[in-house]
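Hello,

Here is the structure we talked about handing over. Please load it first; my notes follow below.

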Amino acid sequence: MSRWPGINEWLFSAKTFAAAMLAVYIAFAMGLERPYWAMATVYIVSQPLTGTLRSKSLYRLLGTLIGAAAAVTLVPNLVAAPALLSAALALWTGACLYLALLDRTPRSYVFLLAGYTAGLIGFPAVDTPLAIWDIAVSRVEEIWLGIICATVVGTVVFPRALGPTLSERILAWVGSASSWAEQALGGDVDPGGETAHLRLAADAVELRLLASHLAYDASKWEVATRWVREAQRRMVFMLPLLSSVGDRLTALKAAGGATPELEHLLADLRQWVRAGTPPPRSEAQRLRTAIAQLEVKTDPREGWNAMMRSSLLLRLHELVNVRQDLRDLRRHIETGGGPLRTPLAIPSDRLELMHHDHSLALLSGLAAMLTILLVCGVWIATGWHAGSGSAALASAACCLFAAMDDPTPALKSFLVVAVLSILAVGIGLFAILPVVHDFETLVLALGAFFIPSGLLMAMPPTQALGTALSFVTATLLSLQGAYAADFVTYADGSIAALLGVGAAVVMTALIRSVGAEWSARRLLRTGWRDLASLPDQATPHERNLLAGLLLDRLGLLVPRLATVGAGNDLAAIDVLADLRVGINMIELQRHRDMMPPSVRQTVDTVLSGTARHFAAQVAVGRAEPPAPALLGDIDHALEVTVNTLGGHSRNPLLQLVGIRRALFADAPPYRPARPPPDGEALVETAA
């Protein structure tokens, strides 16, 4: 929801403009060829939060250097073959864009800048290939100058640290998760709660990406980066836990299986979860002890309700561990980080998996390549001097919006922004700048336009519009040490800008444009394919790693599901249930070698049947009900496990219960075909 700019927005706009003017002043003083590149770079780099500004700036410095090196290598060697040079620069841009889209961390800016910087330097140097070294050095100096000015001003002048903003968002997330936990522990079903629960998954992924900038922040949180990541991993793990707890308790209450002792424990847990001031750590240990005592009294051999209670108690124990770890980590982060003074209940895991879509990244790279080749073809065929600028802007436009599902609408808006910038530049060049005779007047004249556009940059709903407007206007304005504007050059540059962006719009719409529904189905099928391959894994995934990967995909999926509409079949898919199935499959795999042969055989049958279910969904591209035979296989595995392992059956039994509840939530309760033998069953020796 849009709002009027506040003090933070005004400060950001003023700081960004001050950094731009500082860059221009230094560029004038150094006698740089194109000072406007320094100014335009400031508006590309600037970010409201210091941590994101500094991390992006560092990687942009590296990317610019690599892109300049590519231009210096390619242009002199291929300038005699314009078509081959165009193909080489197009291939370089496409390959760099492919790598940038695969790396969903701040490092992606290295590849992104390396890609289109080569075009920004290389294409304008085609007419003077012998001067490519001087041109490249000059461009690097101008771009680095803009980056350094933006970073210094953003860091020194009223810095806005990332840490407190991240802290507020984590607090809000934990508050929403605690509300869900209270509902789950009470067995309450909120008909509209599923959307909010899925939104938590998307928020957790966003927080991970935001936290990746924390190491560059100018606050005490800078040294606590590792512990923020640990907290984020536990936030991810909490989501399937809460889904499982709510499912088990709802089913238990419906079947009359919630005992008075269990109800008392749940009331204690609800009070502990909702506590505003973190309770002593001893409270968590008291709850763990109470859960363990109730587990001892619960024998899964007594029937379905007992199995459900055992499964619920296991998840409650994990929930206490996760929630207490989050409290410990937050307290530790707020006191300055450093070595952890109290051990975490869940072991730290420095590894994490993220979703990478190679096909879509390759398609984006291909679209950029073909766009550049199209523009270069027009440039070569016509011998148009301004064609180099058109090719350079086309490569930048393709790269800047490639991370979107459908970049076409954003590129169309970019084209509109280019038109507005051309009009603004025309007014500036021929009506305002002719009467500007010193630097102070120049600052006043530019401030009338760039401070309002900086306000647009500062507000999330208009950030893309403000950035594009500022960058394109600064570029087309072409500020020099002395006024030298002429209408022919202005018109040529304007037409080149429109052609470059227009070509990006057309080629992207033809090759790269995909809808949110297409992306959502692709993410779902990728997750189903991973679950279908689990029984074939020689080394099973670690539980937290797979949970993190599936939750990462879930976070990417949620915004897309929100756009497909309630009537779409995608809206009915329970993606958290898929995640719960995956975790239970991993746990069964982890312990299968320790199972007696008869139990192992039935468990393998369940794993294979579950994998076939997900493989069938991959084949048809939509959610399908599992085969009834799979329910029979699960019930048979439950019976064999109870009768073979007796009181030692808790571990595999609870994973089988979890798979049954996730895949067959509406099925009648499990009923054993025959009662278990008296006393402890004879435990077979594992083969």
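Charges first. The protein chain has 55 positive and 57 negative charges, and their mean positions lie 3 Å apart. Lys and Arg count as positive, Asp and Glu as negative; His and the chain ends are left out. Each charge is placed at NZ of Lys, CZ of Arg, CG of Asp or CD of Glu.

Some ground rules. This is a predicted model, in which local features need pLDDT of at least 70 and side-chain atom pairs count only at pLDDT 80 or more, while totals for chains, interfaces and linings use all residues. Residues are numbered from 1 along each chain as its sequence is written, and side-chain values use heavy atoms, without hydrogens and water.

Overall picture. The protein chain holds 24 helices and zero strands. Both are DSSP runs numbered from the N terminus: helices are H or I with at least four residues, strands are E with at least two. The C-alpha trace spans about 100 × 50 × 45 Å along its principal axes. Of the 687 residues, 56% are buried. Buried means under 20% relative accessible area, exposed over 50%, and partly exposed in between (1.4 Å probe, protein chains only). The accessible surface comes to about 28700 Å², with 63% of it belonging to carbon and sulfur atoms. Areas come from the Shrake-Rupley method with a 1.4 Å probe; for residues, only the protein chains shown count as cover. Among contacts with a separation of 6 or more, 81% join residues 24 or more positions apart. Contact means heavy atoms within 4.5 Å.

Cores. A nonpolar core is a set of buried Ala, Val, Leu, Ile, Met, Phe, Trp, Tyr and Cys residues joined through side-chain atoms within 4.5 Å. The largest has 106 residues; Trp173, Leu265, Leu316 and Leu638 touch the most other members. Helix α9 (residues 225-254) gives the most to this core, 14 residues. Beyond its neighbours within four places in sequence, Leu316 contacts Leu185, Val245, Leu265, Leu266, Leu269 and Ile291. A second, separate core has 97 residues, including Ala397, Cys398, Ala410 and Val501.

Cysteines. The structure holds zero disulfides, a disulfide being a pair of cysteine sulfur atoms within 2.5 Å. Cys96 is in none; the nearest cysteine sulfur, that of Cys399, is 8.2 Å away. Cys96 is buried, at 7% relative accessible area. For Cys398, the closest cysteine sulfur is also in Cys399, at 6.7 Å, too far for a bond. Cys398 is buried too, at 8%.

- Val153 sits in helix α6 (residues 132-156). Val153 counts as buried because its relative accessibility is 12%. Not counting residues up to four places away in sequence, Val153 touches Lys15, Ala19 and Leu22. The C-alpha atoms of Val153 and Phe17 are separated by 10.0 Å, with the two 136 residues apart along the chain.
- Ile634 is in helix α23 (residues 628-645). Ile634 counts as buried, at 0% relative accessibility. Leaving aside neighbours within four places in sequence, Ile634 contacts Val606, Leu656, Ile659, Arg660 and Phe664. The C-alpha atoms of Ile634 and Leu656 are 6.6 Å apart, at 22 residues along the chain.
- Asn584 lies in helix α21 (residues 575-591). Asn584 counts as buried, at 2% relative accessibility. Not counting residues up to four places away in sequence, Asn584 touches Arg315, Leu654, Gln655, Gly658 and Ile659.

Best wishes
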